[in-house]
Each structure stands twice: as C-alpha cells, then as structure tokens.
Amino acid sequence: MNIIEKILARASGKGEVTPGEMVEASVDVAMIHDLTGPLAIESFRKIGAKKVWDSQRIVVIFDHLVPANSERSAELHSIVREFVIEQKIEKFYDVGRGGICHQVMPEKGHVIPGELIVGADSHTCTYGAFGAFATGIGATDMAAVFATGALWLKVPNVIKVNVEGRFQRYVTPKDLILSIVGEIKADGAIYKGIEFAGSTVRNMSVDGRMTMCNMAIEVSAKTGIVEPDETTLNYIKERTNKPFQIVKNDPDATYEKILNLDTTNMEPEVSCPHSVDNVKPVSEVAEVSINQAFLGSCTNGRIEDLRSAASFLKGKKVRNGVRMIVVPASQEVYLQALQEGLLEIFLKAGAIVGNPTCGPCLGGHLGLLAPGEVCISSSNRNFVGRMGSPKAQVYLASPLTVAASAITGKITDPRALET
Amino acid sequence: MISGKAIKYGNNVNTDVIIPGKYLILTLDPMELAKHAMEGLDPLFFRKAQGGAIIVAGRNFGCGSSREEAPLALKHAGVKCVLAESFARIFYRNAINLGLPVLECPRVSSEVRDGDELVVDVKAGEVKNKSKNLTLRATQLPEFIMEILNDGGLIEHLRRRIESK
C-alpha cells in the first residue's frame, strides 16, 4: 500500500484498503476556525448531540476575520467562544494567540505524522507536508465528526509527482507547485490524493513542503502528502511530545499515475486571472501593472517567505502607486520576523504589516480590491471576486516575485532585479 | 422526481463565485446568503432560480473552498438539484449533507441547453430532457447516500439515528 492507503487502513481498523473502497474512519484531530465554526456548531446542536466525542482532539483557531471587523463577525466569534467553554476545548487559539490555522496547527504540535486530520477549511491538505492524511470537510460533516468522531471516506487513487533537479536562483517551491497545477489542471485530481516525492522535495524545508501540499486542493485533490523523513521528524520533535508511529510507503506501493518533473530549467511562474491553473512563466506576463502586492496567507506567509521577500526589499521602496500588504502567518512567525529585523525592512520600504490573519486572501477582511485593480499575491486562489471586486484581477506568484513586482510596480521576474 | 428549468454554466464553477467570501459572515442566515448566490458569475441567478431550478454544469462544479454556504445558498435560492459532469469533492459532500441532490451526469453539458425542461429521477439515475425529448444516464448514488438524501440531509439522518438508539 502507499502511505495514504496505509493511514486510511489504520484509521478504519482494517489490514488493507484499496482505492475506491468506502471506509468509516476514526478521526485523530478535527479543526474549525471562526468562519466555518458557527455553522458546524449550529449543525452539531441540530443533530441533538450534547457533548463532543473527544474535546482533546478538537482544535479551534480564529484566523479568517481577526480581530473582528464587523459586529456580525464579532457575534460569530462569540458563538464559537461559548462552544469552546461549554465543551471544555482546551486547544483554542483566540485573537492574538495563534494566527492562520494551517500554520498554527503544526506549530503548536497538533499535526502528527500518520494521523487522520480533518479541518473545516479546504487548505487543511497543508498538513500532508508532515506525512499526515489531512483533508478539508464542510460544516455538517464536521458536526458529525464532533458528535461521533468518525467520517466516511472513499480511499482515493493516488498520483505520485516525482520531482528531481535543483532550483535555479530565485525559483522556489511556490513556482514548482504553480507549474504542477498548470500541468495537472484545476479538475485533474478530483477525488484523488497526490504524493510529492523525489530529491527536490527531499531537499525542501518544511516551509516549502507546506506550500506544495497546501495547493493540492487547487487541482481538486483530496490531499497532498510527503513521506516523512529526517526533516519532518526534526520539526515534529520540537513541537510535541506525543508518541507516534511513522507511516511510509510499502516497497510495492502502487499509484494511478506517476508524473516526473525536472526543476533544472524551471522559471518563476505566475498564475493568471481567473483560474489557478492558468499558469505562465513570469517572462510572459512581465509588464502587467499592479495596484497591490500581497505577501502572506497559509500558502506563503511563513518565515522563509518573509525572509526572501525582505532580502529583496532591503533598502528599497515599494513603488509609488502600489500598496504592499505583509501578513505574517502566525504570532510566532510575526515575532521571529520582528526579532530578525524583517518587519523594519518592510516598514521602511513603505509596506503595511498586518496582524496574523487570512486577511486579503479571501476578500473578507483587509486589503480588498476595487473594480479594475490588479493584485499580485503570494496566496492560493485568483478566482473572480476572490479578493474583492469581481472586476479586479489577481495574479499568484512566489514571495520573491511579489516583492520584485512591488518594487517596480509591474509584474517582475525576480532574476531581473538581481544585484 | 425533480422537475425544473435548466440554468446552465461551464467548467470549474468555484465556490468564490457561488458565494463570495465577503458574504460568509451571513453564514447563519441562509436566505440572505441565497440573495448573493452566483453573484460573480450571473447577477440574475437569484431571480432565475426562484420557484425551483436545476443547475447544469461541466466539470469540477464547486471547486475551491470548503464553505458549506455554497450549496446552502444555492438550495435556499431555489435550486432543487445540480447535474454536472464532475464535482469537486467537498462541495459534493456538503450538498448531500444538506439534502441537495447532486448527480454526475456525463454529456449533460452538450445535451442540455439553458432553459430546457428537465425531469430527474435521482434514485434511478435518470435525467429526462423534455425540451429535446431525450434521456441521459447519471451515476446512481450508493444506498447510504440515498438514505441521507431521503432523510433530508445528514443532520436529520444522524438525529434519527441518535433518537432510535
């Protein structure tokens, strides 16, 4: 069996599972945030359930609308806080205590290799970076998990993406995953899992692997996953004392398809409006003028992302007419960026640094776009209306490309600014 | 049997156009959500769907976010059923859980025009296009999914299970 099949077999108490099989799996960890939580809680009450199946296995994180930006969002926060108290949920990260859920989950030790994690957010697949099977579910499914601790799942077919080769200078894991999305296409992995493998992935940091797995949902995959190794274990051991068993692929693991890629000649990539799979090398879209540059999100708001963008912005200015918004993914990332002097670089460059939140990415809070405006963003979606007006345009790129573009005021190949 | 007029869209209709992020604070008010359904793609949608309609789409309907407000908004706008060539999995589960029938129906994009009169037999997996006088096959739903739909969604389904214990 491959790693995904092995995790699902363990979680459903079976010796073996095969793709297409329906299993009822026990959930190890379930996560909700401030925007999907209220509906899940309402559904939980409608089911008639009184107590959650295991309060120790539930994590609640406020990140989408923090601090509350309207009376209505403040009310939603209240509903979730009351539930947290009522159900004695200890793993609760209120405003100022955590940050973006997909960063906080591993940071605070809630992601363990080999476990089955569900989150009421589509980018829950991010935790596959640590060798867990993690997938997004809706509010009613979450209510059912809260009530019973179990969920029916179809064992997915798995596509293995083998990546070899070194990255050219200023080419990053974000460029790699954008090119993979461009190759597989938005509907190319419906109901399927994706395993990222090969020496390029092995040599990647935890941050880079999270960026890769995060965007598995953009080809409609059920999850993205990387087999755990030394890099994974070094991270996990610093974050939790919880015992765990590493799950790896069997030597005879099978896949629906194997995709082989080489990064040697890969350029910085840009995903163009209005579809994530509309991916082009940056050279083809250079010269597009921008109004806003956003650095942040669960895809690229981590310390490495801030460091790489800051290395470009040091001693430079964001171009007049462009607003740059920097949002560290978590309180921990924020503090580290502060200690490393990165925030000072952003502020001196003329960027605004916001508090940890999903922020502009989902167009719900902060940094929305007006009709006709163009944004280059390190986030994960560029759908019509995603970041504000349906008449705005969003280009997705790496933190380096975002920083380079903020400096010049148009979409820019970071290699062209090399000093 | 479900009958209604087809409202037709293309491939990769995503949850951000089905219900934009800025309206998610209306999460506990489905009727308010419904007024903004499909706003980014089709500003006339809410009016068209009133009184019952069937959405017909291409591949990967409902891709993107896990927001259950997407099928919730469609259902409360008057959508009785969604027929697509394929669905994004979270949307698919969410719709079933809310008691909104969703059927994979190969060729539905090419065989149904906007405004065609359709009759859908969910259990049999059959779609009749009365306007063109032809019948299409849809993938039949497994028994346990039919049970959830027949109960009106997962909440009612689980409530009954808990009560019968």
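Are H6(A) and H8(A) roughly parallel or roughly perpendicular to each other? Keep in mind as you look that this is a predicted model. Two packed helices are described by the angle between their axes and by how far apart those axes lie. For H6(A) and H8(A), the packing angle is about 20° and the axes are 9 Å apart. Angles under 35 degrees count as roughly parallel, and H6(A) and H8(A) are therefore roughly parallel to each other. Their crossing is right-handed.

If you zoom in on this pair, you will find that H6(A) contributes Pro173(A), Lys174(A), Leu176(A) and Ile177(A) to the contact, while H8(A) brings Gly208(A), Thr211(A) and Met212(A). Sorted by class, the residues in this contact are 4 nonpolar, 2 polar and 1 charged.

Now zoom out to the whole of chain A. Where they meet, 33 residues of domain 1 of chain A are in contact with 28 residues of domain 2 of chain A.

Our two helices turn up again here. On the side of domain 1 that touches domain 2 in chain A, the elements giving two or more residues are helix H4 (101–107), helix H6 (173–184) and helix H8 (206–214). H6(A) supplies the largest share of that side, with 6 residues. By class, the residues on this side of domain 1 of chain A comprise 9 nonpolar, 15 polar and 9 charged.

How values were computed:
Residues are numbered from 1 along each chain as its sequence is written. Chains are lettered from A and ligands numbered from 1 in the order in which they are written. This is a predicted model: local features need pLDDT of at least 70, side-chain atom pairs count only at pLDDT 80 or more; totals for chains, interfaces and linings use all residues. Two residues are in contact if their C-beta atoms, placed from the backbone, lie within 7 Å. Helices (H or I, at least four residues) and strands (E, at least two) are DSSP runs, numbered from the N terminus. Ala, Val, Leu, Ile, Met, Phe, Trp, Tyr, Cys and Pro count as nonpolar, Asp, Glu, Lys and Arg as charged, and the others, Gly among them, as polar. Axes are lines fitted to C-alpha atoms, for helices over the stretch in contact, and angles run from 0 to 180 degrees between N-to-C directions. Angles under 35 degrees count as roughly parallel, over 145 as roughly antiparallel, 65 to 115 as roughly perpendicular and the rest as oblique. A crossing is left-handed if the near helix is turned anticlockwise from the far one by less than a right angle, and right-handed if clockwise.
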